Amino acid sequence: MASDLVRFSVAIPEGLLEAFDRHAARRGTHINRSEAIRDLIREQLVEEDFDDPDTEVVGSITMVYDHHTIGLSGSLDQIQHDHMDVIVSTMHVHLDHFNCLEVLAVRGTSERISALADQLLGTKGVSYGRLAAVASKSAIEAGH
Ligand code: NI
């Protein structure tokens, strides 16, 4: 939801501001200082939302594992069947003879998504795992 822009002034040490401008420049030349500050504020608010177990979140869980590891595929499958209510879609890619990449699109409460990610990514044999999720309200309303 777009809203009117409000101007306000902030006192900040010069060195800190210079460091911040360098940070903004690394994120892209099209990002100006105001946009960079708005992004930081949004990120912070999204993280706070995620702390509430009842917050509705959307995102993805990515993992890489060796499907030859005994029992691993079955364990990951069982965990996913126990969380069918929050898994919207799954993509499985056979990376090479041994390794599989799996990406799950997820939508549900922060508590439920965190539990799913913790179980999957904590399973022995998962060599890479990452949860990327935001509160759906923040993701939709943050508007640029
Ligand atoms: Ni595979």
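Guide: What follows begins at the metal site and then moves to the core and the salt bridges.

This is a predicted model, in which local features need pLDDT of at least 70 and side-chain atom pairs count only at pLDDT 80 or more, while totals for chains, interfaces and linings use all residues. Residues are numbered from 1 along each chain as its sequence is written, and side-chain values use heavy atoms, with hydrogens and water left out.

The nickel ion is coordinated by NE2 of His92, ND1 of His94 and SG of Cys100, at 2.0 to 2.4 Å. Along the chain these donors follow the spacing H-x1-H-x5-C. Donors here are N, O and S atoms within 2.8 Å of the metal (3.2 Å for Na, K and Ca); water is not among the atoms, so sites may look incomplete. Cys100 counts as buried because its relative accessibility is 3%, whereas His92, at 34%, counts as partly exposed. In these terms, buried means under 20% relative accessible area, exposed over 50%, and partly exposed in between (1.4 Å probe, protein chains only).

Glu102 is placed in strand E3 (residues 99-109); helices (H or I, at least four residues) and strands (E, at least two) are DSSP runs, numbered from the N terminus. Glu102 is buried yet has no salt bridge, and Arg112, the nearest side chain of opposite charge, is 16 Å away. For charge, Lys and Arg count as positive and Asp and Glu as negative, while His and the chain ends are not counted. A salt bridge requires a side-chain nitrogen of Lys or Arg within 4 Å of a carboxyl oxygen of Asp or Glu.

Leaving aside neighbours within four places in sequence, Glu102 is in contact with residues including Ile61, Met63, Tyr65 and His92, where contact means heavy atoms within 4.5 Å. Ile61, Met63 and Tyr65 are among the residues with the most contacts inside the largest nonpolar core, which has 18 residues. Strand E1 (56-66), helix H3 (72-81), E3 and H4 each supply at least two residues of this core. Such a core is a set of buried Ala, Val, Leu, Ile, Met, Phe, Trp, Tyr and Cys residues joined through side-chain atoms within 4.5 Å.

Arg112 has a partner elsewhere: Asp85 forms a salt bridge with Arg112, the closest N and O atoms being 2.9 Å apart. Asp85 lies in the loop between H3 and strand E2 (87-94) and Arg112 in helix H4, so the pair ties together parts 27 residues apart in sequence. Asp85 is exposed, at 54% relative accessible area, and Arg112 counts as partly exposed, at 28%. The structure holds three salt bridges; another of them joins Arg33 and Asp21, with closest N and O atoms 2.7 Å apart.
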